[in-house]
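Please keep the sequence and the 3D view at hand while reading.

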Amino acid sequence: MSIPSAMSNPAASFEPHRRRLLGLAYRMLGSMADAEDAVQETYLRWHSVHRETVSDPRAFLMTTTTRLCLDMLTSARARREEYVGPWLPEPVLDTAALAPDSRTELAEDLSVALLLTLDRLSPLERAAFLLHDAFDFSFSEVAAALERTEAACRQLAARARAHVRATRPRGTAPPVRSGEVDAKHAQLMSAFVAATRSGDLDALTRLLANDVRVVTDGGGKVAAALSLIDGADRAAQFLIGAARKGWREDFILRFATINGLPGVIVDGPQGLVQTSAFEIEGDVVRALYVVRNPDKLRHLAR
């Protein structure tokens with residue numbers, strides 16, 4: 001049997017699936033670097049497989065990527081036990097490049113809050129939930145990918161779905177695709193930056209929800225809080241103190257959408273210093289996610 005021309009070229013037949021595979025791997029792993037490694041390994045397996053025997057390339061490639069991610073999560077969890085301070089996913093700016101083909105709210109959502117929720121699920125729960133709810137796999141396809149029964153996969157996805165619904169923030173600005181930060185959010189973040197840099201504790205506190213959460217990820221490589229900071233008073237004091245110690249006049253700030261959230265990127269003479277993603281509800285900040293670990297910012301400088 002001759003291979004159709006499209007299938008005979010491994011690169012040409014793989015490329016239409018790359019965005020979907022990268023989106024799945026990033027959601028599974030929370031790391032662009034690891035996601036790219038998983039997708040590259042999937043491509044190598046696609047290159048070597050007898051492609052004329054593959055009846056459904058999409059299912060084959062998604063299954064391969066899923067299984068690679070499950071294997072990678074085993075070692076990732078071991079590394080996580082040694083991680084210094086809070087862990088945050090690697091920030092992404094171009095969420096459209098990671099979007100599934102579906103247009104559900106969940107498929108569009110790459111917010112830090114959702115990724116942290118996924119990270120608390122078991123690897124199998126995460127895989128079943130993402131394949132079915134975000135990437136439109138049928139439960140028979142999920143069962144084949146995970147080598148479990150359909151009933152087991154339904155239970156895995158149901159548990160994950162209940163957990164996601166219980167922990168997703170309500171009332172915050174909905175996730176948006178890559179683009180400019182809207183004027184209202186830009187104004188709030190400008191006021192936030194001004195109050196932080198000037199040391200205006202009262203002004204900054206007014207911009208924060210009473211139960212605000214500040215999470216900073218330095219990975220033990222740069223200065224960052226070693227635990228979550230909650231409450232407006234504690235958060236405001238921490239943020240002003242951090243600005244006093246770490247702010248430099250040659251830093252440059254720019255607004256961006258980070259994981260679909262309004263955010264601020266800080267650039268220094270040597271490259272990116274940090275990203276800050278804001279979870280905003282009304283006129284106040286409900287959560288702030290700051291990534292300072294240089295290993296997690298490297299891919300943004302490409």
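The model is predicted.

**Helices H2 and H3**

- Helix H2 spans residues 10-29 and helix H3 spans residues 32-48; their axes come within 8 Å and cross at roughly 145°.
- The crossing of H2 with H3 is right-handed.
- On the H2 side, the contact involves Pro10, Ala11, Ser13, Phe14, Arg18, Leu21, Leu22, Ala25, Tyr26 and Leu29.
- On the H3 side, the residues in contact include Met32, Asp34, Ala35, Val39, Tyr43 and Trp46.
- Sorted by class, the contact between H2 and H3 holds 14 nonpolar, three polar and three charged residues.

**Nonpolar cores**

- The largest nonpolar core contains 46 residues, and those with the most contacts inside it are Tyr26, Met28, Leu118, Val142 and Leu146.
- At least two residues of this core come from each of H2, H3, helix H4 (57-80), helix H6 (112-119), helix H7 (123-134), helix H8 (139-146) and helix H9 (150-167).
- H2 provides the largest share of this core, with eight residues.
- When neighbours within four places in sequence are left aside, leucine 146 is in contact with Thr66, Leu70, Leu124, Ala127, Ala128, Cys153 and Leu156.
- Another core, of 26 residues, lies apart from the largest one; Phe192, Ala225, Ile240 and Val264 are among its members.

- Strand S5, residues 271-281, is mostly covered, with eight of its eleven residues buried.
- Strand S4, residues 261-268, pairs with S5 in the antiparallel sense over six bridges.
- Within this pairing, valine 266 stands opposite glutamine 274 of S5.
- A hairpin of two residues links S4 to S5.
- S5 also runs antiparallel to strand S6, residues 284-291, and seven bridges join the two.
- Isoleucine 280 has valine 285 in S6 as its bridge partner.
- The hairpin formed by S5 and S6 has two residues between the strands, and glycine 282 in that turn has a positive phi of about 65°.
- As a general point for viewing these strands, side chains in a regular strand alternate between the two faces of the sheet.

- S5 is joined by bridges to S4 and to S6.

Conventions: Residues numbered from 1 in each chain as written. Predicted model: local features only at pLDDT ≥ 70, side-chain atom pairs only at ≥ 80, totals over all residues. Heavy atoms only, no water. Buried < 20%, exposed > 50% of the residue type's maximum accessible area, 1.4 Å probe, protein only. Helix = DSSP H or I, 4+ residues; strand = E, 2+ residues; numbered from the N terminus. Pairing = 2+ DSSP bridges. Axes fitted to C-alpha atoms, helices over the stretch in contact; angles between N-to-C directions. Left-handed = near helix turned anticlockwise from the far one by under 90°. Contact = heavy atoms within 4.5 Å. Nonpolar A, V, L, I, M, F, W, Y, C, P; charged D, E, K, R; others polar. Core = buried A, V, L, I, M, F, W, Y, C linked by side-chain atoms within 4.5 Å.
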